[in-house]
Amino acid sequence: MKEKVIIRVSILLGALVSIYSCIEPEPLEESDYNEWLSGGSQTVFDNGAGAFSSIFPNLAETREEVHEVGDLAFEQTFITAPSPINPGLGPIFNNVSCTSCHINDGRGKPPADGEQISSLLIRLSIPGTDLHGGPNPVPGFGGQLQQRGIFGSSPEALMKIEYVEQQHQFADGETYTLRYPTYTLESPYTTLPGDLMMSPRIAPPVFGLGLLEAIDEVDILALADVDDTNGDGISGKPNYAWNVAKGNKTLGRFGWKAANPSLLQQSAGAYNEDIGITSFIFPSESSHGQSQYDGLADEYEVSDSILHAVEFYIRTLAVPARRNADHEDVLAGKKIFVDAKCAVCHVPRLRTKTDVSFPEISNQVIFPYTDMLVHDMGPDLADNRPDFDANGQEWRTSPLWGIGLTRVVNGHQNFLHDGRARTLTEAIMWHGGEAAQSKEFVITLSKADRDALIKFLESL
Amino acid sequence: MKTKYIKFLFASAALLGFAGCDDDNEGGSLVDETLNTEVLDNFSATIAQSVYNDLASKTSTLYDQVLAMETDGATDVELNACRTTWKQARESWEQSEAFLFGPVSTDNIDPRIDTWPVNFTDLDAQLDGTAEFTEAYIDNLEDALKGFHPIEYLIFGQDGQKAAAELLPRDIEYLKGLSQNLKVLTSDLKVSWQPASSGSYHLAFTEAGNGSSVYPTQLSAFEELVNAMMGICDEVANGKIDEVFIAQDASLEESPFSQNSMIDFTNNIKGVQNVYLGKYTSDGKGLEDLVRQYNLQLDNEIKLKISNAIAALGNVTDPFGEAIFSQPIQVQNVVDAINELKDTLEEQLLPFVQQHSK
């Protein structure tokens, strides 16, 4: 009771201060949300290199400690066992730490010419499904390519990416170029099957994920329209994926095809497949059954508590606030975003569920610009590799919050699942399938309107 | 918890009010654009470019010194010269950690030159193997097998006392590849900030708010500077020092072979001082000049906190790996002093630059 009074008084005080901070005070709006605050009360105001790396602003100190333990673990470089510190790397792996793909908690990019992949990984499978309805692993390779090995362990294969550039045109005659990638595995350590399927995936930013995990399943399913009953050409579909901890299929939320149901499983999966680190979720080495496997029945290479701390770290990374949200070009761009039906899938506003056990993420109005569903994106973007209920042309709507800060955080503007787009414009123009109508809309826009649309995206 | 929540509500209510203000309410006299531009220019020219120049020059010298050992066999004098140069390069690098943004981060240079721990198991296997240690071969190795720390291990030895006679030809070959790779990466870093380079970060930074593709406002560039200063304070106090100190585990120490950790930490804080003063080998306009124009007391406080931190570091007289046991009070004082500096930067300097730039 007393608390309530204190809080009310402090709101009043705050409002009072705010009134006096303006010469011409405007009345506070009667709204329970603010579009500038992309992450609700978990929004931060850092728009520099650390924009994706801020802790929730209102965590209790004891919980801050857990976040920090997770932060250190996220940065920890694993090395070859035996070692007194950080042992367990590999024997085959993609990278040596979480942060070496998610640099600054941000977005990876495809390798430059002549470089091997680093923050891009390749999922592998053959036709059919595994026991749980997921991708069918490739004998001798498993479900993911590991392109590196510790000393004496052969990498599974190396990845060669070639691009062919093709020029296209907007209605006003201005041209743009898209680069079409082809992926080839080179020097495999053993024979690859002829019917191999590959899905390249860039390391995505890891902030705000706790809020996405906290969106009520009912609210996500309400956005779904699998059979397109409303006839708008857009049919969002939930992807149900195997939940290891629960032992059944649950709604997938994370990963490029929403084939991962929880941050815990996402983190444990990345430790296991990307770094070669076992845990209670995935106790078996990624190399199990292959010639690289060391045959040692080790204890878990990441402890339960560290795994939970890393999960907590990711869960409590805050969302950067918008910039220039009231600029007239940005507002014009926002209208175009809606008119082009971008907002049908990139749903601006969602609410997290009420969760008394985790008040920091409970009942927040957030602006992630995703519906958490998978959509047919057309043949040009297709990986032609099904992943649970998502078929070879379907991808999850990527959240757009923070996208305008990619350049300052990660120094590039490579977007989409494999980083093929080199600008926001290219990313838009790659959209096909259900999003083809939006792309066609953008093609007909004037230069000024296209610029406004980009300016809006940059403000997110 | 409650207090925090209440503070937050207060802040958000104030924020809503602030967002409702018109820009022209922020009196022009609070923002000295000319000085702000000078501070940003000088940061790039006097600090970033000069520190990276020194780093590249020292690593280049180190490579030459390793080459000399390869040509006619290593002498103790030559090995000592390598150690001295390694420490000099380290000084520049640690000072540059006060501004870990831009290409050092986005081009992934930091982990490639400064990953800890070293992967000793694979390092030994590499030395026992037959691979030719070309620069390209080294470049392709994982981060824990290259950069400063494997070099440190090879030239100082486990106990810091390695004699030249203990360096096998294969060690020197590996050293050559390592030091060449370090030279190449630090040279890339140097070039990335030079004004004439394509995609120069100098331009991205100094043209903030004036056409920069990275920084839409000068304010965002100032926030970047202060956040980076805070970031290294946090990293030194609560990562590099406290993690080892709390665990009471010297094996977690970075730079153990050279016993250079305390010097590393001190150079991190000196790096913060450089940025604040706008001063390295020459003195130009820095944050100091901006702060002094409006708030002398804050200027005094920041300088006091910096000198307190450096003094506390100086009071730890044993090597860090020993001091966590032998001088716990002094080590705790370092953690506290650096955290105090961090708090001042966060709670006072950050709001200050937010008020005095746009």
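**Starting from one valine**

Mentor: A:Val66 has its place in helix H2 of chain A, which covers residues 61–75 (helices are DSSP runs of H or I, at least four residues, strands of E, at least two, numbered from the N terminus). This is a predicted model, where local features need pLDDT of at least 70, side-chain atom pairs 80 or more, and totals for chains, interfaces and linings use all residues. Residues count from 1 along each chain as written, with chains lettered from A and ligands numbered from 1 in written order.

Setting aside neighbours within four places in sequence, A:Val66 touches A:Ala309 and A:Phe312 (contact: backbone-placed C-beta atoms within 7 Å). A:Leu196, 130 residues away in sequence, sits 42 Å off, C-alpha to C-alpha.

Now hop over to chain B, where helix H8, residues 148–156, is mostly covered, with 8 of its 9 residues buried. Among them are B:Phe148, B:Ile151, B:Leu154, B:Ile155 and B:Phe156, along with B:His149 and B:Glu152. The cover over those buried residues of H8(B) includes chain B helices H3 (76–96), H5 (109–113), H6 (120–128) and H9 (169–193). Just past H8(B), B:Gly157 takes a positive phi of about 80 degrees.

Zooming out, chain B has 16 helices and 0 strands, and 50% of its 358 residues are buried. Of its contacts with a separation of 6 or more, 77% join residues 24 or more positions apart. Its C-alpha atoms fill a box of roughly 70 × 50 × 35 Å along the principal axes.

Key. A residue is buried if 20 or more other C-beta atoms lie within 10 Å of its own, exposed if 12 or fewer, and partly exposed in between; C-beta atoms are placed from the backbone. Two residues are in contact if their C-beta atoms, placed from the backbone, lie within 7 Å.
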